[in-house]
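Colleague: Let us take this one by question and answer. Keep it short.

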Amino acid sequence: MDIDLTPKAPKRSYGGEGGSYTSWSPEDLLMLRVASIGASKLHLHTCGFAAPSYSDSSKVAYVLEGSGVCGLTVPEAERENVIPVKEGDALAIPFGYVSWWFNPNDSDLTVLFLGDTSKGHQPGRFTDFHLTGPTGIFTGFTPEFVSRAWDLSETDVAKLVHNQSSMGIVKLKDSQKMPAPSAKDRDGLVVNCYEAPLDVDIKGGGCVVVLNSKNLPTVELVGLGADLVRLRGGAMCSPGFSCDSAYQVTYVVKGSGRVQVVGVDGKRVLETKVSGGQLFIVPRFFVVSKIADPEGMEWFSIITTPNPVFSHLAGRTSVWKAISPEVLEASFDTTSELEQLFRSKRTSDEIFFPAK
């Protein structure tokens with residue numbers, strides 16, 4: 001599989017005084033198109049407002065830094081959910097849901113979006129439909145159509161449709177009132193990865209929080225699973241692969257480390273150092289392993305199935321521990337003594353191996 005897997009950073013798409021929207025391009029990261037995955041980031045300054053829009057793709061949103069408000073409207077719902085969000089929050093947003101984001105705080109708000117573009121207009125790229133602004137949906141209709149749809153005069157329609165001159169992201173005035181967020185609106189829609197129970201916690205190794213249909217029901221609607229992994233300084237993540245034909249899309253949140261990926265015919269297809277802000281994709285069934293630098297490494301991943309299953313090739317739960325000794329001896333063409341030594345190692349370590 002001769003595809004460049006090199007980690008990439010995003011490029012600015014649009015923005016202004018209120019903030020910016022950046023995205024990864026399938027032209028720069030070809031695996032986005034191959035895997036039908038979209039990836040982007042929203043960065044809002046103080047009083048930055050990302051106006052209502054909907055997308056052709058289902059997404060998982062992850063708050064990288066800061067806090068703010070997310071408005072989310074479910075199709076045919078009578079009211080929107082006005083959700084307080086903070087660093088570590090994850091939301092699953094099915095396609096067609098209308099959302100907006102607002103940052104009322106002094107520090108910046110940054111949100112990562114990873115999602116499935118297989119049903120979208122462009123594989124590997126989100127297509128967002130803005131409801132207002134110069135590229136808003138209603139700028140394309142004639143005043144007559146909008147007037148009849150909204151039961152307003154064409155003069156009032158012109159004021160509403162053409163007043164907002166900025167595309168997607170604006171900076172609101174301090175006097176602009178916004179709806180107050182409700183903690184109740186988080187129920188069933190948000191999981192905070194720093195506060196949720198840990199699915200894996202290995203002393204000196206690392207910890208994992210897995211998002212699936214049990215703790216975040218909407219991931220079933222978006223068809224994706226996700227996790228947040230924190231690898232301690234110098235620790236190693238066991239070589240492993242997704243055994244249900246899923247792609248792994250990984251965004252490095254902070255820290256740095258080394259990554260190796262091995263594919264068909266035992267060929268190493270990626271060997272590189274990654275650091276915060278970079279994104280890379282592991283093809284289906286390819287084996288990946290990571291070793292954190294001394295400061296550790298944290299990453300957020302989506303997997304293209306809502307309830308992923310992984311198989312590890314080292315550690316207590318590796319497939320080697322389940323295979324009979326005779327088969328191991330024959331497979332490696334080795335002695336029973338070396339097979340026994342091999343089997344005696346990593347009997348308590350699971351997934352993460354602390355630094356020596």
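## Loops, helix pairs and rings

Colleague: Where is Asp151 placed?

Modeller: Helices (H or I, at least four residues) and strands (E, at least two) are DSSP runs, numbered from the N terminus. On that numbering, Asp151 falls in the loop between α2 and α3 (154-162).

Colleague: What pLDDT do local features need here?

Modeller: Residues are numbered from 1 along each chain as its sequence is written, and side-chain values use heavy atoms, leaving out hydrogens and water. The model is predicted: totals for chains, interfaces and linings use all residues, side-chain atom pairs count only at pLDDT 80 or more, and local features need pLDDT of at least 70.

Colleague: What is the phi of Asp151?

Modeller: Most residues other than glycine have a negative phi. Asp151 is not a glycine, yet its phi is positive, at about 55°.

Colleague: Is Asp151 buried or exposed?

Modeller: Buried means under 20% relative accessible area, exposed over 50%, and partly exposed in between, with a 1.4 Å probe and protein chains only. Asp151 has 69% relative accessibility, so it counts as exposed.

Colleague: Is Cys47 buried or exposed?

Modeller: Cys47 is another non-glycine residue with a positive phi, about 65°. It belongs to the loop between β3 (37-44) and β4 (48-55). With 11% relative accessibility, Cys47 counts as buried.

Colleague: At what angle do α2 and α3 pack?

Modeller: Axes are lines fitted to C-alpha atoms, for helices over the stretch in contact, and angles run from 0 to 180 degrees between N-to-C directions. Under 35 degrees counts as roughly parallel, over 145 as roughly antiparallel, 65 to 115 as roughly perpendicular and the rest as oblique. The pair is therefore roughly perpendicular. The axes of α2 and α3 lie 9 Å apart, and the angle is about 100°.

Colleague: How many nonpolar residues are in the contact of α2 with α3?

Modeller: Contact means heavy atoms within 4.5 Å. Pro143, Glu144, Val146, Ser147 and Trp150 of α2 meet Glu154, Val157, Leu160 and Val161 of α3. The classes are nonpolar (Ala, Val, Leu, Ile, Met, Phe, Trp, Tyr, Cys and Pro), charged (Asp, Glu, Lys and Arg) and polar (the others, Gly among them). The contact has 2 charged residues, 1 polar and, as nonpolar, 6.

Colleague: How many aromatic pairs does the structure hold?

Modeller: Rings of Phe, Tyr and Trp (its six-membered ring) pair if their centres lie within 6.5 Å; planes under 30 degrees apart count as stacked, over 60 as edge-to-face and the rest as tilted. Ring pairs link Phe138, Phe141, Phe145 and Trp150 into a cluster. The number of aromatic pairs in the structure is 10.

Colleague: How far apart in sequence are the parts that Trp24 and Tyr251 tie together?

Modeller: The ring centres of Trp24 and Tyr251 are 5.9 Å apart with planes at 80°, so this pair is edge-to-face. Trp24 counts as buried at 2% relative accessibility, and Tyr251 counts as buried at 3%. Trp24 lies in the loop between β2 (19-23) and α1 (31-35), and Tyr251 lies in strand β18 (residues 248-262), so the pair ties together parts whose separation in sequence is 227 residues.
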